[in-house]
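The sequence and structure are shown below.

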Amino acid sequence: MTDVAQRNDDLTTWTDDLWQAAVAGDEYAATDAALAALDHGVDMETLLIEVVARVQARVGQEWAANRITVAQEHSATAVNERVIAALALHPATRDAARAEPGRGRITVACVDGEWHGLPARLLAEVLRLRGWRVDHLGAQVPTPHLIAHLHRTGPDAVALSSSIATRLPAAHAAITACQATGTPVLVGGAAFGLDGRYARLLGADAWAPDARAAADRLDGDLPAVAPASRHSTDDLPHLDDQEYTLVTRSASRLVRHVMSELEQRVPEMARYTAQQRRHTAEDIAHLVDFLATALYLNDPELFGGFLTWMAGILTARGVPASVLHPALDLIASRLTEFPRATATLAHARAALRAAESRAAGPA
Amino acid sequence: MAGLTSGLGREATDAMWRAAPHPVLVADADGVIEQLNEPARLILPQAAPGVALAAVAPAWLVEEAGCVPVRGPIGDRVFEARPVRDDDHDGVVWWLTERTDDERVAEALRVERERTAFLVDASNELLASLNLDRCTEVVARLATRYLADAALVILPLAGRRYPVAYCGPDGRVVREQLAVDPHEVPGLAEALQGFPPMPSRWIDPAAAPGWLAREGLGELGSMVVTALPGHGVSAGALVLLRRSGHAGFSEGEEVAARLFSARAGAAMSAARLYAEQASITETLMRELLPPRTRHLDGVELAARYRPSGLSERVGGDFYDLHPAPEEGGESLIVLGDVCGKGLEAAVLTGKIRNTLQALLPMADDHHRVLELLNGALLSGDRSLFVTLVLASARRVGTRVSLRLTSAGHPPPLIVRADGRVEAARTGGTLIGMLETITSTTDTVLLDPGETCVLYTDGITEARGGPLGDEMFGERRLREELAQCAGMPPEALAERVQMLASQWAGDGDHDDMAVIAITAARPARTTGQERQIP
């Protein structure tokens, strides 16, 4: 076996150990697994990025596949957080963080409304390991708080994390606000697309696919930013058509309309419990939210991708994805005056049908 | 001139241009002047018939062989010359028009536009940051880019040194703390005190000390010292430095420098003021921030807090933790919601926390503590009150015993291992309004992994949801908590906070605080612990 293969094999073993402990909600076993990996010579950065981050990614996948419950998902995340906290106190971390004093200062934060705090937390730890002075502001940081922090501390750069695409309009506001203070912005997280396309669209100064790449990017010089305030339409001229604004502002009316119409079209809904009804309303609100985001970015594929994903989630829970069609039809019937929304919905329905026939195909 | 001569005789046309108010010269095909009028003679005194145009006119005019108008200086005036081909005798008639005033206006406009563009740029950059260090750097950099070869910003004395930002010709800014004497530089001490600027011609650049005339700048040619006027006091001073090759500062440039320094001073003052305000808020926040301990004896704790209003950072919710003074003792956890927010709420919160701290020895009697706190608050401003929940936690074997008392606060919810959610049977009047108060205390036992959730009404009263106008409500909270059985306290507190925040969406909400108190699960028996039976 080659060294590389051996190393990957070992990492897989540590990842499995940590995964087992995390999903069992066993903090002690999880911390033991992480410390054992360190004792066996796995370096701290690798442990964070190739073990802890992978376990966290698996938490999301397993939840999507309905193999773990929401409670397990949250517990596993909490255990991972505790593992990171324990590793942060480990002498190996403190020695590394001491190695380069006066390196510079970075603010790490999640976009307003973004609750997935772990990716940012991992980045904060990796940057500390590389000798940066890091201010980690945590999950869902209101943009005014973030800006107040920048004024107070004047960091060299801001690293912004967002996992959920619907936070991209908020991310855009945060990026422009940070840049208006003359602070360059690096963004990362699943929301910005696998290739970082939305990072470019929203005018971020840099994008990184993971914590290690982000740290590498920050090791090089970020472009100096000439502070300049700009409007969202400066980056996204299509917003002039007001479709995003109108859909967002009428979102709850749209959801109410779809709900009441659905009850007439889908007879089973009469038997729904209050909780089921609420979950349905939340699912529809999600649809509208993603539709609005697709309009914000002028990218119908974002909405199509979300529907395909949601179809997978529903199928994993024994709900046929076809339930999405009447909801989409009802939304479309209220937005006929909006050409971009209409085109986005048409694109999404085609994507959904393709996903359905793929799912039905092999059977 | 075929068209003209066909109607009029040559003499008549000659007479016309001779009388023209503009200089006119007629040259033949070889460039020799044939004729010229009086105005032409006045501006080109050596010009005369028979003389080569090249010998008397400036090169810019002579070299032009086409038919396009050209423009250039003659003496200290500027002329535009239009060549008109005369096909009859294969020569050129030059019509000249004076453009001196145009040029002057255009030049003035260019300078003015440049200055305006610079001031707009400067305002943009200066307004961008409320961070004093960054603002100072921007001032030095802008001054170097537009006004000088190097610039130095010096702030009023801080301790024993002067904070200084220097930007050299390479555009790089260095920040330092210098122990220097501003009297070494003519006009600097005065500028730092806010006196009017000294004209640059009064300042001898040779007098500049080494910390001003730095390496890489070369021989100093001229220097301007300007005050940076702040809000009532001087924000510092700006020194502009030019190399000896570079022209000195014109009057217009000194004006631009003064306009710039006025903006720079205002921006630096605003940044200083902001820093002071921010540090006051930060001090208050630090006081109000809950302690970070999460492990008490056998009890795990997690708290999440989200202030309302985007700009309001000192909210009305607070919580506090008083660990047991001795092993096996009771720890006190307090969650409160003060009416109002901002500074006033912060002051009241401080008072409540101090009073509770003093009342700790009586914590075995919650009602007594609340009575005394009520008395203390009644002595102050009657319009302020607080709702509270007190939780005293003690480990009993592997379980945790909790005494819970609510004073006008939503009762705590208990999340059992099997997913049942129970409300603690406690209630009471709020504190700080009435002469006498009532309260009932409930005692609850938590098995390992079970959690007691304290929350403020910002959670249940969050308005929004998918339909837009519903309250989150206690029922929904209980339904959600039923899914949270066995979760670690951080995960549980975060989930509650997340659900309520997402419920509220981008709408307004009150402060939201959640505390989860969980009976710790015993560590798996590993290593040495295994030897203990």
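This is a predicted model: local features need pLDDT of at least 70, side-chain atom pairs count only at pLDDT 80 or more; totals for chains, interfaces and linings use all residues.

## Crossing of two helices between the chains

The crossing in which helix 4 of chain A passes helix 14 of chain B is right-handed.

On the side of helix 4 of chain A, the contact is formed by A:His74, A:Ser75, A:Thr77, A:Ala78 and A:Glu81. Helix 14 of chain B contributes B:Glu490, B:Ala491 and B:Arg495. By class, the residues of this contact comprise two nonpolar, three polar and three charged.

## The interface as a whole

Between the chains, 34 residues of chain A are in contact with 31 residues of chain B. On the chain B side, two or more residues each come from helix 6 (100–128), helix 7 (132–146), helix 9 (251–288) and helix 14 (489–504). Helix 14 of chain B gives the most to this side, with five residues. The side of chain B that touches chain A has 15 nonpolar residues, together with eight polar and eight charged residues.

## Helices 6 and 7 of chain B

The crossing is right-handed.

Helix 6 of chain B makes this contact through B:Phe118, B:Ala122, B:Glu125 and B:Leu126. The residues from helix 7 of chain B are B:Cys135, B:Val138, B:Leu142 and B:Tyr146. Seven residues of the contact are nonpolar, none is polar and one is charged.

## Domains of chain A

The domain assignment divides chain A into domain 1 (1–99), domain 2 (100–231) and domain 3 (239–360). Taken over C-alpha atoms, the centres of domain 1 and domain 2 of chain A are separated by 24 Å. Their contact involves 16 residues from domain 1 of chain A and 12 residues from domain 2 of chain A.

On the domain 1 side, helix 3 (44–64), helix 4 (70–88) and helix 5 (91–99) of chain A each supply at least two residues. Helix 3 of chain A gives the most, with seven residues. This side of domain 1 of chain A has 10 nonpolar, four polar and two charged residues.

## The sheet of chain B

Chain B contains an open sheet of six strands in the order 12-13-14-15-19-18, with antiparallel pairing. Strand 12 (317–322) and strand 18 (427–428) of chain B stand at the edges; each has a single partner strand, so one side of each is left without a neighbour in the sheet.

Strand 13 (residues 331–338) and strand 14 (residues 386–396) of chain B run antiparallel and are joined by eight bridges. Within strand 14 of chain B, B:Leu390 is the bridge partner of B:Val334. Helix 11 (residues 366–378) of chain B packs on the sheet, where it touches strand 14, strand 15 (399–407), strand 18 and strand 19 (439–446) of chain B. The direction of helix 11 of chain B makes about 135° with that of strand 19 of chain B.

Key: Residues are numbered from 1 along each chain as its sequence is written. Chains are lettered from A and ligands numbered from 1 in the order in which they are written. Two residues are in contact if their C-beta atoms, placed from the backbone, lie within 7 Å. Helices (H or I, at least four residues) and strands (E, at least two) are DSSP runs, numbered from the N terminus. Ala, Val, Leu, Ile, Met, Phe, Trp, Tyr, Cys and Pro count as nonpolar, Asp, Glu, Lys and Arg as charged, and the others, Gly among them, as polar. A crossing is left-handed if the near helix is turned anticlockwise from the far one by less than a right angle, and right-handed if clockwise. Domain bounds come from an automatic or database domain assignment. Two strands pair if DSSP finds at least two bridges between them. Axes are lines fitted to C-alpha atoms, for helices over the stretch in contact, and angles run from 0 to 180 degrees between N-to-C directions.
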